[in-house]
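Hello,

Here is the structure I promised to pass on.

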Amino acid sequence: MPFIERTYGKETNAVINEVLISSDSHVIEPAGLWQKSLPKAFLDRAPDFGGQRPNDTPGGAQDKNKRVSEMAADGVSAEVLYPTHGLKCLSLDDHELEAACCQVYNNWLIDYCSAAPERLIGIAMLSMYDIDGAVKELERCRKAGMRGSVIWQVPPPELPFSSSHYDKFWAASQDLNMPVNLHILSGHGYSRSRSFGLGDTATGMTAEHNSVNMKLFQSVDSLYDLIYSGVLERFPKLKIVLVENELGWIPFVLEQWDYYFKRHGAKREGLAIKKPPSEYFHEQICTTFFNDAVGGHILSWWGEDNCMWSNDFPHGNSTWPNSRQVVSRDLGSLPAGVRAKLVRENVARVYNIPVPSPIQ
């Protein structure tokens, strides 16, 4: 497991024996889910993805009745659940099909989480083309027990996050206390084709190397639009979560934005924000982490109220079944109160859920 080779801080031999909540775990949608469940009008163009992937842990990611025992093997008492194959739905060009696929996924996830609703925290997947439809689906999923939504991290060019197109959705998310989650590999960015086409072979670069750059740039762009366009100024109770974007880059970017805001921006007429960008971040945005040694080293002085640990189960680079040992090694030297925020309290606060009893 490559992740185990990384360290965030001073190593400790003591195993941390406390409640852990993963802020970013996944389900594996079964093969044929959309082909079997979409309304007849969409069956001729139903996505054919789904099913077990070679490097993912089999079992509970598809079978709700096995999930809790696999969590117990990892010492994780609750998990916030995101799609795996379903993230591809958020880059479909067929607007009606995308919305229908999201509804099929949400129905499946509602049933999946019913096996242990206090431990399986469902996040509804929403299409953003039809905002009225997205709000209606958000309300339905909230009534069914879901605790947030996941939308495209990279919008199509004609619908940037700076557009007023989303305002009704931001308002509903704020009013329903449903955080909006932006997960990597979703939307209209590099992940649509995984073909980067920048002449990599001539320089010895690989698509994987370039994808690191692309996903970072796209994360920065989305964060920039949400802050600088005034979304968080207009909707002060809206919560945004950056999922699997890691955290080491964030304090540097915020520092630079604050510097130029204080030097130039605060004096400009028509600027959509009234406070330094970092203030919006600290008040309304959180980020998940699990594979970021740089970010881990700064947790002793930055991010204790905005960062949330995750295990990325069941994917191939997950810390499962060694999450407790990894937390002990990488976060064990932090003060107990800081560590408690990172591994359970922040995620419980963001999604408005009780800290569950320790898993057995």
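Buried means under 20% relative accessible area, exposed means over 50%, and partly exposed lies in between (1.4 Å probe, protein chains only). This is a predicted model: local features need pLDDT of at least 70, side-chain atom pairs count only at pLDDT 80 or more, and totals for chains, interfaces and linings use all residues. Residues are numbered from 1 along each chain as its sequence is written, and side-chain values use heavy atoms, with hydrogens and water left out.

Salt bridges. The count is 15, taking a side-chain nitrogen of Lys or Arg within 4 Å of a carboxyl oxygen of Asp or Glu.

- Lys 168 pairs with Asp 132, closest N and O atoms 2.8 Å apart. Lys 168 is in helix H5 and Asp 132 in helix H4, so the bridge ties together parts 36 residues apart in sequence. Helices here are DSSP runs (H or I, at least four residues), as are strands (E, at least two), numbered from the N terminus. Lys 168 is partly exposed at 49% relative accessibility. Asp 132 is partly exposed too, at 47%.
- Lys 275 meets Glu 283 at 2.7 Å, N to O.
- Lys 341 bridges to Glu 304, with the closest N and O atoms 2.8 Å apart. Lys 341 sits in helix H13, and Glu 304 in the loop between helix H11 and strand S9.
- Glu 18, Arg 339 and Arg 344 form one network through shared partners.

Best wishes
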